[in-house]
Amino acid sequence: MSQIVGVLRSRLNSTSSSRASFAAQQEEANNNNNHNAAAAHVPQYHLDWQKKTKTFREDPLFFTSGQVTLVVCTVVLSLFYMPIIDTCARMLKCEELRTGADTHVSVLVADRRIDCTTSKYGRYKAGALLTALITGIGLPVACVLLVRFFASRSPLPAFAHDFALKWRQTQRLFYFLTGGYANDTWWWESVVMTRRALIAVLSVMVTNTRARNYSSMWAIGFYLVLHLKFHPFDAAVLTNLETLSLVTIFATFNLAAVFELHNDGSNPQVETFLIVVIITINVVCVCAFLAVFLRTAISWLRELYLKDP
């Protein structure tokens, strides 16, 4: 009886092991079929480049010419983002000049030959406002929508449902927008763009020094709170550097507001102290950035030396 039980048990074990082996073979065959099907859609120039550079991948990644062209256009628009915002803001800034005892004329600060009371300037002003709104808000939103669009699509039909692959493709394609940020806060570069645009507009449009300092301080404080809430960077050192820079800007605007209150020559000691403090905190911030840069460069050079002495 015990011999019969032993024979049955051995047959059951051999059957289960054979089933597991067959399942493993089937899974490996399916993976190979998927990889071959994906590789069949990879352009030959990409396969040649992988062979030349010896960068073979299990999940072939490549970009079409249309995607690259769209990315180049986005990069160019991003480079011209702040100049466009600054130019539009300067087109909206007018000042009054005295032309006589009781007469004044409103002229454009950027070009005093332009009278701000004419209908011609009204058309310029409307165009500047429209351009500032479309560029200042539209470009950051368009960048977010563009990344989401490409993350939902794949040029490889065999990996149409592989979100991890599509996201890696999108990150490589839009690395200038998503690089350095965590996966759940990849859109943070658009927030940074709006912050720069807002500070540029406040610096140009707000003519009163005290109002400009306070408005800029509140704007930086708002973005500092957002930064501390989301922690958008994937590396702690980047988060710390961004926090340091925002705190430095916030403190600089605060001290500048205090300096403006005491800038009447009645208390030169306080003015000198404030100037020294403002310079010190900014120098400390710059030194921190330089220290991190040098440490990273030295670490990278050491790794290269150890890899190929």
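Predicted model: local features only at pLDDT ≥ 70, side-chain atom pairs only at ≥ 80, totals over all residues.
Let me begin with the cysteines: the structure holds one disulfide, a term used here for a pair of cysteine sulfur atoms within 2.5 Å. Residues are numbered from 1 along each chain as its sequence is written, and side-chain values use heavy atoms, with hydrogens and water left out.

For anyone new to the topic, a disulfide is a covalent bond between the sulfur atoms of two cysteines. Here the bond joins C94 to C116, with an S to S distance of 2.0 Å. The torsion about the S-S bond of C94 and C116 is about -90 degrees, so this disulfide is left-handed. What does the pair tie together? C94 lies in strand β1 (residues 94-98), whereas C116 sits in the loop between β2 (104-108) and α5 (119-151), so the bond links parts that are 22 residues apart in sequence. Helices (H or I, at least four residues) and strands (E, at least two) are DSSP runs, numbered from the N terminus.

Are these two cysteines buried or exposed? C94 is partly exposed, with a relative accessible area of 27%, but C116 is buried, at 14%; buried means under 20% relative accessible area, exposed over 50%, and partly exposed in between, with a 1.4 Å probe and protein chains only. Another cysteine, C285, is also buried, with a relative accessible area of 10%. C88, too, is buried, at 7%. C285 is in no disulfide, and the nearest cysteine sulfur, that of C287, is 9.3 Å away.

Stepping back to the whole chain, the protein has eleven helices and two strands, and from the N terminus on its elements run α-α-α-α-β-β-α-α-α-α-α-α-α. Of its 309 residues, 28% count as buried.

Now to the largest pocket, which holds about 290 Å³ of space. On a 1 Å grid over the protein atoms alone, a pocket is an open set of points with protein on both sides within 12 Å along at least five of seven lines, and its lining residues have an atom within 4 Å of a point; grid points are joined across faces, edges and corners, and the volume is the space filled by probe spheres set on the points. Which of the 17 lining residues are closest to the centre of the largest pocket? They are A132, G136, I137, A197 and V201. Helices α4 (81-90), α5 and α8 (188-205) each supply at least two residues of the lining, and α5 gives the most, with seven.

Finally, let me point to two residues that you can find in the model. T135 is found in helix α5 and, at 14% relative accessibility, counts as buried. Leaving aside residues up to four places away in sequence, T135 touches Y81, I84, I85 and P140, where contact means heavy atoms within 4.5 Å. R195 is found in helix α8, and at 15% relative accessibility this arginine counts as buried. With residues up to four places away in sequence again not counted, R195 touches I220, Y223, E242 and L246.

Notes:
1 Å grid on protein atoms, 1.4 Å probe; cavity = no way out; pocket = protein on both sides within 12 Å on 5 of 7 lines; lining within 4 Å.
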